[in-house]
Amino acid sequence: MNLGTAANFGVLAGSTVTNTGPTVVNGDVGLSPGTAVTGFPPGTVSGTIHAADAVAAQAQIDLTAAYNDAASRGPAALVAGDLGGQTLTPGVYQSGSSLGITGTVTLDGQGDPNAVFIIQMGSTLTTASNSRVRLINRAQAANVFWQVGSSATLGTNSIFVGNILALTSITVTTGVKIFGRALARNGAVTLDTNIIRSTAGEPTNIDGFPYLYDQTGTGGGPKVWVIGHHGYTPMTAPKIFCTDAATQVPCPDKNGTKAFPMPLNTQPLPLDTDTPGDVATTEVPQFVPDPSGTRIFYPVVTRTPFPGFPGGSVGAGCVDLQNQLNCAYTPLAALTNTAGQSNVNGLAGFVAVGTNLYGTTTSGRELCMSTATLTPCPGQPFATNTPPNDDRAGLGPTDFIGSKAAIGGRVYTASNGPDPSTTTVTHAPALTCFDPATNAPCAGWGVKVLTTASDAYVATAVFPDYDAGGTVVGVCTVTGKRTTQQPTVNCYDFSGNVVTPPPGLAGMFPAGGTGSVIFPPTNLTVGGDVRSYLPFYTQDNVYPGNTLCYDWTVQAACPGFPPVDGHPSVNGGDTHDYGYAGTAACLYGTGDRRFLFTVDTVTGAAEC
């Protein structure tokens, strides 16, 4: 199907375009031959409004051609009545009269990102409130076409996917999200507090990890902040992005001078300052909120000199999310670059125990800072038994390959170091325990070798092990594989004894893709059950980006949640999930492909 120039429009109508409320349209808004486009503002349009001009007239010509093309496609499978509860595979579907959607209709791409769905109807399309069109198995919104013989009405708070090609009018009621287009040939398009995007997901222009913050005051509400990662990324590159969770558009700059993403700095400056950034981050930039709740700390590598650290340092960066400010930076260890020794090239972290945050250097030392006073803990960095990784001279700044978790008042750290070209003492992926009460390795724990398999990739997920009652009883890790084998799951009790992983946890991770990556999960209580949502992808893109869900309360994969849940409407499913932040109702995810997207925590649907 070819929409021609109509593909540039999120909304196109024949008689009028009317909007109420803060609707967001991604793309152009067009009208021809009518002239009245109202309601922008308060609605916003990322493109251009074309009212009765040559551009809109041509788009209507192209829409008519696409409409006639869609109506003539065949052979068609016959459908009737309500599509809710049905799963449709690629092809053409036809109803001689009206169609409705109550609940969820699923469009299954069967693994083909080019799969096309054409749904023809002789008269109306009506969706119920809170209904949903869901894509699975790499189906894409751009390839879904609803050819409506008269008018379409989308019920309140519904989620609709695909291109509506209506002969007459389209009414989009309050709270509807359309991932596609609303294109009406002859009549009106009526909007009311909607989001209309050609695809789900919002480009962030950085690959990183999310943090959810509920901003107060003017322009308040939930905001999703993303901080980019990788210690080797140029320090001057933009590394922080903010989006409004309600409207899925970038947050406005407090000073109105720049657009996200913006650089990060060690100096206490507004994010939109003209001073270039001087901050690199790390492989898994785990965030710790400060006691006020308005700021977060994140791990920093910088070459900027500070007193006592003339050659650069690693430490705790700070962002004031409420006021869009870089706050104070606290150096914790000097960067080093000495051949023949274990060097500080980067760090892992952070996690919090009480009011202190903890990170680990590439040389295996434990860093500590008081979030209350913004000062290093006395005596830090502390000696640990954490094996070094990426600590050879000449690499810095670079990543600490591993992650951390604070569980039961202790700090658990995964460290990967099998590569002799980057690590001074090569070792298998390992897990260690640090006790803040003694500022020393946990008594009796030692170094836990996670796997000696030659195809071990990275162990970047460390998380609590819960019993069925929701009590934390130990710690688990997941180690990816370079081959197509399933990742390895290890669990330990608090005494350091090996324990069998809970039923179904190890089997939840799929085989078949090479270079499997699992980052730390987001743990939430959903419907009374404790759940972990784990990001998963493989470097060969057999699994291009997926959410796995484990329910600790039932000790099994989450009931009702797809076993390997992708995000096909976001960049064709190619998301390479890194992590999630969110509530019991909705997860906000980010990944390597520089998109921000949402996941329904109950159904796994690709849009909340």
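This note sets out points on the disulfides, nonpolar cores, pockets and backbone geometry of the structure.

1. Basis of the note. The model is predicted, so local features need pLDDT of at least 70 and side-chain atom pairs count only at pLDDT 80 or more, whereas totals for chains, interfaces and linings use all residues. Residues are numbered from 1 along each chain as its sequence is written, and side-chain values use heavy atoms, with hydrogens and water left out.

2. Disulfides in general. A disulfide is a covalent bond between the sulfur atoms of two cysteines. Here the term is applied to a pair of cysteine sulfur atoms within 2.5 Å. The structure contains seven disulfides, and the next points take up some of them.

3. Cys368 and Cys377. The sulfur atoms of this disulfide are 2.0 Å apart, and the link is left-handed, with -55° about the S-S bond. Cys368 is buried at 1% relative accessibility, and Cys377 is buried at 9%. In this note, buried means under 20% relative accessible area, exposed means over 50%, and partly exposed lies in between (1.4 Å probe, protein chains only).

4. Cys433 and Cys442. These cysteines form a disulfide with an S to S distance of 2.0 Å. The torsion about their S-S bond is about -60°, so this disulfide is left-handed. Cys433 has 2% relative accessibility and counts as buried; Cys442, at 4%, also counts as buried.

5. Cys476 and Cys491. Here the S to S distance is 2.1 Å, and the torsion of about 105° makes the disulfide right-handed. Cys476 lies in strand β43 (residues 472-479) and Cys491 in strand β44 (residues 488-493), so the pair ties together parts that are 15 residues apart in sequence. Helices (H or I, at least four residues) and strands (E, at least two) are DSSP runs, numbered from the N terminus. Cys476 is buried at 0% relative accessibility, and Cys491 is buried at 1%.

6. Nonpolar cores. A nonpolar core is a set of buried Ala, Val, Leu, Ile, Met, Phe, Trp, Tyr and Cys residues joined through side-chain atoms within 4.5 Å. The largest has 57 residues, of which Trp146, Phe160 and Ile170 touch the most other members. Strand β19 supplies the largest share of this core, five residues. A second, separate core has 38 residues, including Leu264, Val284, Ile296 and Tyr457.

7. Phe160 and Asn163. Contact means heavy atoms within 4.5 Å. Leaving aside neighbours within four places in sequence, Phe160 is in contact with Ile101, Leu125, Thr127, Val133, Trp146, Leu154, Lys177, Ile178 and Phe179. Asn163 is found in strand β19 (residues 159-166) and is buried, at 0% relative accessibility. Residues up to four places away in sequence not being counted, Asn163 touches, among others, Leu3, Phe145, Trp146 and Arg181.

8. Largest pocket. On a 1 Å grid over the protein atoms alone, a pocket is an open set of points where a 1.4 Å probe fits, with protein on both sides within 12 Å along at least five of seven lines; lining residues have an atom within 4 Å of a point. The largest pocket holds about 780 Å³ of space, a volume being the space filled by probe spheres set on the points, which are joined across faces, edges and corners. Its lining has 31 residues, with Gln286, Phe287, Pro520, Pro521 and Thr522 nearest the centre. Strand β52 gives the most to this lining, five residues. By class, the lining has 25 nonpolar, five polar and one charged residues. Ala, Val, Leu, Ile, Met, Phe, Trp, Tyr, Cys and Pro count as nonpolar, Asp, Glu, Lys and Arg as charged, and the others, Gly among them, as polar.

9. Second largest pocket. This pocket has a volume of about 390 Å³. It is lined by 23 residues, and Glu283, Asp390, Ile401, Tyr457 and Val458 are the closest to its centre. The lining comprises nine nonpolar, nine polar and five charged residues.

10. Cis peptide bonds. The bond from Gly74 to Pro75 is cis, with omega near -5°; Pro75 lies in the loop between α1 (54-72) and β8 (77-78). The bond from Gly396 to Pro397 is cis as well, with omega near -10°, and Pro397 is in the loop between β36 (375-376) and β37.

11. Positive phi. Thr193, although not a glycine, has a positive phi of about 55°. It is found in the loop between β22 (189-192) and β23 (195-197) and is partly exposed at 30% relative accessibility. Asn439 is not a glycine either and has a positive phi of about 55°; Asn439 sits in the loop between β39 (427-435) and β40 (440-441) and is partly exposed, at 30%.
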